[in-house]
Amino acid sequence: MTEKKSKNSLARTGKQGRHIPRLTGNLRAHSLQLPDAIWDAPGMVILGRRLKSVIFTTDVAIIRNCNADAVMGVYPFTPQQIISQTLISASSIPVLAGVGGGTTTGMRAVLMARDAEAHGAFGVVLNAPTKNDTIRAIKKVIDIPIIVTVLSEDVDIGSRIDAGVSVLNVSAASKTPEVVRTIRKEFDKIPIIATGGPTEETIRKTIEAGANTISYTPPSTADIFAVMMDKYREDLKNKDITNDATEDGLLKAIDLLI
C-alpha cells in the first residue's frame, strides 16, 4: 500500500519530481475528485486542450464542482439546442455535446451539430445507431470532432472513420476493455474515449487496452447529499443549533453590507 501511494504521489508531482502547487479555498475545497487511475491515461488533444478524463453528466452543479478535463453532455431525450447551450455556457471546461443519432436523425441531427459548434462545443457526440449518411452530412457543416458511440466489437469501424468520425466513444459495459483492444489491433491511431468502470482496477484495464481518455459517470447529487446529510446529523447530534453565538456578529456584518 505504501509503495502504491508513493507512485501516485510521484505521478502527480510531474516529470522529474517537480512540485505542482495546488490552490483552493475553504468554500471550493469540497468537490468531486475523479479516481487517480484516470490520470494514467495518455489523453487526446482536442482544439489545443489535452483531455484525459471526461465526466458523463448534464448536472451543472457537478460540472462546476469536479476536476474532470471535459464534459460529455449526452442524455436520453431528444437533443435540444437550449440544453447544449446551457451546458456550454455554464461549464468552465470543454463540452462534448450530444446531438442525437438514435431517435433524432438526419437533418435534425445535422442542425443540432451545427448549433452546438456555434455555441462553443469542442465536439459532438452521436449515438450508436447513427447512419453513416448522417455522419457525412454533419462532417460537411462542422469543423469540430465527430464522436460516435460504439457498443460492441461487431461495429464496422472502418466505415465510421471513412464517413467522417474523428473519435470513438466505446461504451460496452464490462466488455469495454475487450472492445477497445479489438479496435486497437486494426486502428492503432484512432482516438478512443472509453468508460472506465467502477474501480481503479477496471479503469487501468481500460487504459492498458488502448483507451486515450476515460469517461467517468459520477454519483448523483442525491447520493452526494446523502453522505453530507449523514455527516451533518452526526455533527449536530449533541449541539443546540437554535442558539448561534455568532448571530450578533453576523447581523453587524449584514448592516455593513447594506
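These legends describe close-up views of a predicted model.

**View 1. The second largest pocket and its lining.** In this predicted model, the second largest pocket holds about 270 Å³ of space. Its lining is made by His30, Ser31, Leu32 and Gln33, together with Ala61, Ile62 and Asn65, and with Thr221, Ile224, Phe225 and Met228. Sorted by class, the residues of this lining are 6 nonpolar and 5 polar, with no charged residues among them.

**View 2. Helices at the second largest pocket.** Two helices, H2 (60-63) and H9 (221-236), each supply at least two residues of the lining of the second largest pocket. The largest share of this lining comes from H9, which contributes 4 residues.

**View 3. Val60 in helix H2.** Val60 is found in helix H2, a helix that supplies at least two residues to the lining of the second largest pocket. Val60 counts as partly exposed because its relative accessibility is 31%, a value that lies between the limits of 20% for buried and 50% for exposed residues. In sequence, Val60 and Ser91 are 31 residues apart, while in space their C-alpha atoms are 7.3 Å apart.

**View 4. A nonpolar surface patch that includes Ile258.** Leu250, Leu251, Ile254, Leu257 and Ile258 make a nonpolar surface patch of about 570 Å². Of these residues, Ile258 is placed in the segment after helix H10 (247-257). Ile258 counts as exposed because its relative accessible area is 81%, which is over the 50% cut-off for that class.

Note on methods. Residues numbered from 1 in each chain as written. Predicted model: local features only at pLDDT ≥ 70, side-chain atom pairs only at ≥ 80, totals over all residues. Heavy atoms only, no water. Patch = residues over 30% accessible without salt bridge, like charges linked within 9 Å, V, L, I, M, F, W, Y side chains within 5 Å. Areas by Shrake-Rupley, 256 points an atom, 1.4 Å probe, with all protein chains shown as cover. Salt bridge = Lys/Arg side-chain N within 4 Å of Asp/Glu carboxyl O. Buried < 20%, exposed > 50% of the residue type's maximum accessible area, 1.4 Å probe, protein only. 1 Å grid on protein atoms, 1.4 Å probe; cavity = no way out; pocket = protein on both sides within 12 Å on 5 of 7 lines; lining within 4 Å. Points joined across faces, edges and corners; volume = space filled by probe spheres on them. Nonpolar A, V, L, I, M, F, W, Y, C, P; charged D, E, K, R; others polar.
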